[in-house]
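Here are my notes on this one, for someone opening it for the first time. Have the sequence and the 3D view at hand as you go.

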Amino acid sequence: MKLFKKMVGWGYKLLGMPYNIIKWALLQLGYGLSYLLNLNYKKVGKWVIDVIKESIAQVFTLLGFFIAWFTLTGQAQDIVGIAIIVSTIIWLLTIRLRD
């Protein structure tokens, strides 16, 4: 009986996990939207200009990423593509930290 209660409790936690993840994501989205409404648009404009400058400066690196991704096939192409996108987003979001 104790094992059965443990299994049922584990199943309840497992089934409740997607609910809690979605609830947490929506809460974070609400915080993000409230932050976006309070943005200073001059800072955003400066960041966009910095993103364009950085992208132009690193055009050959981005071209190399694309060529590397293009030469792969199958699941390796998917994994490398996701890694390239994530690393590029992190790179662009951390421009201020590197200045």
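1. Let's start with Asp50, which touches Ile95 and Arg96, leaving out residues up to four places away in sequence; contact here means heavy atoms within 4.5 Å. Asp50 sits in helix α2 (residues 41–57). Is Asp50 buried or exposed? At 11% relative accessibility, Asp50 counts as buried, because buried means under 20% relative accessible area, with exposed over 50% and partly exposed in between (1.4 Å probe, protein chains only).

2. A word on the ground rules. This is a predicted model, where local features need pLDDT of at least 70 and side-chain atom pairs count only at pLDDT 80 or more, while totals for chains, interfaces and linings use all residues. Residues are numbered from 1 along each chain as its sequence is written, and side-chain values use heavy atoms, with hydrogens and water left out.

3. Now the overall picture. The protein chain has 5 helices and 0 strands, and along the sequence the pattern reads α-α-α-α-α. Helices (H or I, at least four residues) and strands (E, at least two) are DSSP runs, numbered from the N terminus. Of the 99 residues in the protein chain, 9% are buried. The protein chain exposes about 8,900 Å², and carbon and sulfur atoms supply 76% of that; the areas come from the Shrake-Rupley method with a 1.4 Å probe, and for residues only the protein chains shown count as cover.

4. Next, Arg98, which you'll find in helix α5 (residues 95–98). Which residues does Arg98 contact, leaving aside its neighbours within four places in sequence? They are Glu54, Trp91 and Leu92. Arg98 is partly exposed, with a relative accessible area of 42%.

5. The structure holds 2 aromatic pairs. Phe66 and Trp69 make a tilted one, 5.9 Å centre to centre with 35° between the planes. Rings of Phe, Tyr and Trp (its six-membered ring) pair if their centres lie within 6.5 Å; planes under 30 degrees apart count as stacked, over 60 as edge-to-face and the rest as tilted. Both Phe66 and Trp69 lie in helix α3 (residues 59–71), 3 residues apart, or about one turn of the helix. Phe66 is partly exposed at 48% relative accessibility, and Trp69 is partly exposed at 29%.

6. Phe66 and Phe70 form a stacked aromatic pair, 5.9 Å centre to centre and 20° between the planes. These two are 4 residues apart in helix α3, so about one helical turn separates them. Phe70 counts as exposed, at 57% relative accessibility. Phe66, Trp69 and Phe70 form one aromatic cluster.

7. Finally, how do α3 and helix α4 (residues 74–93) cross? Their axes come within 9 Å and cross at roughly 165°; axes are lines fitted to C-alpha atoms, for helices over the stretch in contact, and angles run from 0 to 180 degrees between N-to-C directions. That makes α3 roughly antiparallel to α4, because angles over 145 degrees count as roughly antiparallel, under 35 as roughly parallel, 65 to 115 as roughly perpendicular and the rest as oblique. The contact is made by Leu62, Phe65, Trp69 and Phe70 of α3 and by Gln77, Val80, Gly81, Ile84 and Thr88 of α4.
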